Amino acid sequence: MLERPDLLKDLVVKHGAKDTTARGTALAELDAMEREALAELAAVADAAALEAFRVRWLGTNGRLRGVMDALKTVPKEQKPAVGKRVNEIKAAIEGAFNARK
């Protein structure tokens with residue numbers, strides 16, 4: 001859900017629900033996302049796959065950008081911790097990508 005906050009917001013509005021799903025699991029979801037990205041990068045075998053990775057994770061419409069946009073849905077009291085973790089993940093993925101270039 002962190003990738004698509006627009007869907008979460010639409011569901012909340014449509015059903016009059018409260019956004020409680022991502023609140024308790026945001027850090028765990030981010031940790032899983034980092035593991036997924038680094039594992040995907042480790043499996044990259046050629047330049048075309050490396051470029052596909054860059055677009056998927058680091059591009060303008062990539063997964064990291066989606067997470068950054070989703071920060072506005074995080075409760076105010078969790079934003080510092082979640083924001084810090086997002087920045088750490090971004091740095092780790094960018095660093096690993098640049099090492100592979």
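The accessible surface of the protein comes to about 6400 Å², and carbon and sulfur atoms account for 56% of it. The model discussed here is predicted.

Colleague: What percentage of the residues in the protein is buried?

Modeller: A residue counts as buried when its relative accessible area is under 20%. Of the 101 residues in the protein, the share that is buried is 32%.

Colleague: Among contacts with a separation of 6 or more, what percentage comes from residues 24 or more positions apart?

Modeller: A contact is counted where heavy atoms lie within 4.5 Å. Taking the contacts in the protein with a separation of 6 or more, the part that joins residues 24 or more positions apart is 62%.

Colleague: Are H2 and H5 roughly parallel or roughly antiparallel to each other?

Modeller: The axes of H2 and H5 come within 10 Å and cross at roughly 5°. Because angles under 35 degrees count as roughly parallel, the two helices H2 and H5 are described as roughly parallel.

Colleague: Is Leu30 buried or exposed?

Modeller: Leu30 has its place in helix H2, and the C-alpha atoms of Leu30 and Val82 are 8.4 Å apart in space although the two residues are 52 residues apart in sequence. The relative accessible area of Leu30 is 2%, so Leu30 is buried.

Colleague: Which residues does Arg85 touch, not counting residues up to four places away in sequence?

Modeller: Arg85 has its place in helix H5, and because its relative accessibility is 18%, Arg85 counts as buried. Leaving aside residues up to four places away in sequence, those that Arg85 touches are Leu27, Leu30, Asp31 and Glu34.

Colleague: Are H2 and H3 roughly parallel or roughly antiparallel?

Modeller: The axes of helix H2 (residues 26-42) and H3 come within 10 Å and cross at roughly 165°. Since angles over 145 degrees count as roughly antiparallel, H2 and H3 are roughly antiparallel.

Colleague: Which residues of H3 make the contact with H2?

Modeller: H2 passes H3 in a left-handed crossing. From H2 the contact draws on Met33, Glu36, Ala37, Glu40 and Leu41, and from H3 on Leu50, Phe53, Arg56 and Trp57.

Colleague: How far apart are the axes of H3 and H5?

Modeller: Helix H3 (residues 47-58) and helix H5 (residues 79-100) pack at an angle of about 165°, and this angle makes H3 roughly antiparallel to H5. The crossing of H3 and H5 is left-handed, and their axes lie at a separation of 11 Å.

Colleague: Which residues in H5 do the residues of H3 meet?

Modeller: The residues of H3 that take part are Leu50, Phe53, Arg54, Trp57 and Leu58. In the contact of H3 with H5 there are six nonpolar, no polar and three charged residues, and those belonging to H5 are Ile93, Glu94, Phe97 and Arg100.

How values were computed:
Residues numbered from 1 in each chain as written. Predicted model: local features only at pLDDT ≥ 70, side-chain atom pairs only at ≥ 80, totals over all residues. Heavy atoms only, no water. Axes fitted to C-alpha atoms, helices over the stretch in contact; angles between N-to-C directions. Helix = DSSP H or I, 4+ residues; strand = E, 2+ residues; numbered from the N terminus. Parallel < 35°, antiparallel > 145°, perpendicular 65-115°, else oblique. Left-handed = near helix turned anticlockwise from the far one by under 90°. Nonpolar A, V, L, I, M, F, W, Y, C, P; charged D, E, K, R; others polar. Buried < 20%, exposed > 50% of the residue type's maximum accessible area, 1.4 Å probe, protein only. Areas by Shrake-Rupley, 256 points an atom, 1.4 Å probe, with all protein chains shown as cover.
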